[in-house]
Amino acid sequence: MLRRWLPLWTWLAPLVAWVLLGAFEAVPHPALMAAIGVALVACVLAAVHHAEVVAHRVGQPLGGLVLALAVTVIEVALIVALMLPDPAATRTLARDTIFAEIMIILNGMVGLCLMLGGSRHGEQVFGRYGVSAALATLATLSVMILILPNATINSPGPAYAPSQLAFVGVVTLVLYLVFVFVQTVRHRDYFVVGIGKVGEVDEAAPHGPRPSNRDAAIASLLLLAALAAVVLSAHDLAPTIEAEIAAAGAPRATLGIIIGVLVLLPESLTALKAALADRLQLSLNLALGSALASIGLTIPTVAAFALAHGWTLSLGLDLKEEILLALSLLVATSSLGTGRTTVMQGAVHLVIFAVYLFTAIVP
């Protein structure tokens, strides 16, 4: 059972990362930097895998929070590591990352799930009530974090004043926790995979039997090792990543896209597998849950760092990005509002995602 829950690569990833970090401290060679970059990606995947093992063992609602917290640690580590050298020059990084993740999830991840799932199974169905609640929460948080700062007058530019940032950070966290409570306790049957009709759930469908206490304990230790490796690797890689983006002449928003792709990669792969297996409800739970966790946990944490260090966070989007965000939320509400999807909805989301990527690179 140990090999089933903790395959060899999930052990090796943090071990290799720590060895490379130690070697780089002794001999800071560029080749080692490239190897650390690869190890960072492997550690992100390993950390999410170990978090899923622990989450499956402890069950809901605690399990969902374990997974969300693990992903948040990874995301915050990457953002803070890149902001520390020059907070003024990277004041838009949190905004760029959150916006990139919303676009990746709502259009890239959801679009691929609908397209691939629809290609294999024709029409796919899911529960509307849970998806509707998730989209309403996501729309509220997105506007509050990414659009409202443009309309405030107590602070110059697209930024909140310190008191406003503190307030928005608190209400963002509260709203996310309310959603988690609704999803995992109060109205759990709206979200559980395997629903036939309200109240009929298949607990074992997505995961099978739970891992043992021993497996969960080992996974917890490996999770901590992988997360620590991610934090240190991000710190070492930050100057190199910024230098490479500047050398390529790419817009600064590219950095947010890179972080978003890295953080969302594990959940995206799981969501795609679920869609191909005709479990679209699980795909949408993963996708929309990732978007909500990215805003609901990352923004309060980064805001706390900013307030503690006196940083200014530019959170407001420009007009082009506001239009793309509004279009994405409108289309997601329409395409996911019937409880049935085909490849048509997937194609629409993927086109919006392509437009987002193209206009991010060629603004």
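Hi everyone, let's begin with charge. This protein carries 17 positive and 20 negative side chains, and the centres of the two sets are 10 Å apart. Here Lys and Arg count as positive and Asp and Glu as negative, while His and the chain ends are left out. Each charge is placed at NZ of Lys, CZ of Arg, CG of Asp or CD of Glu.

A word on the source: this is a predicted model, where local features need pLDDT of at least 70 and side-chain atom pairs count only at pLDDT 80 or more, while totals for chains, interfaces and linings use all residues. Residues are numbered from 1 along each chain as its sequence is written, and side-chain values use heavy atoms, without hydrogens and water.

Now the fold. How many helices and strands does the protein have? There are 12 helices and 2 strands, taken as DSSP runs (helices H or I, at least four residues; strands E, at least two) and numbered from the N terminus. The C-alpha trace spans about 55 × 50 × 35 Å along its principal axes.

What about the inside? Of the 363 residues, 50% count as buried, meaning under 20% relative accessible area with a 1.4 Å probe, protein chains only.

V131 counts as buried because its relative accessibility is 2%. Leaving aside residues up to four places away in sequence, V131 touches F126, L284, L288 and L336; a contact means heavy atoms within 4.5 Å. V131 and G337 are 206 residues apart in sequence, yet their C-alpha atoms are 8.0 Å apart in space.
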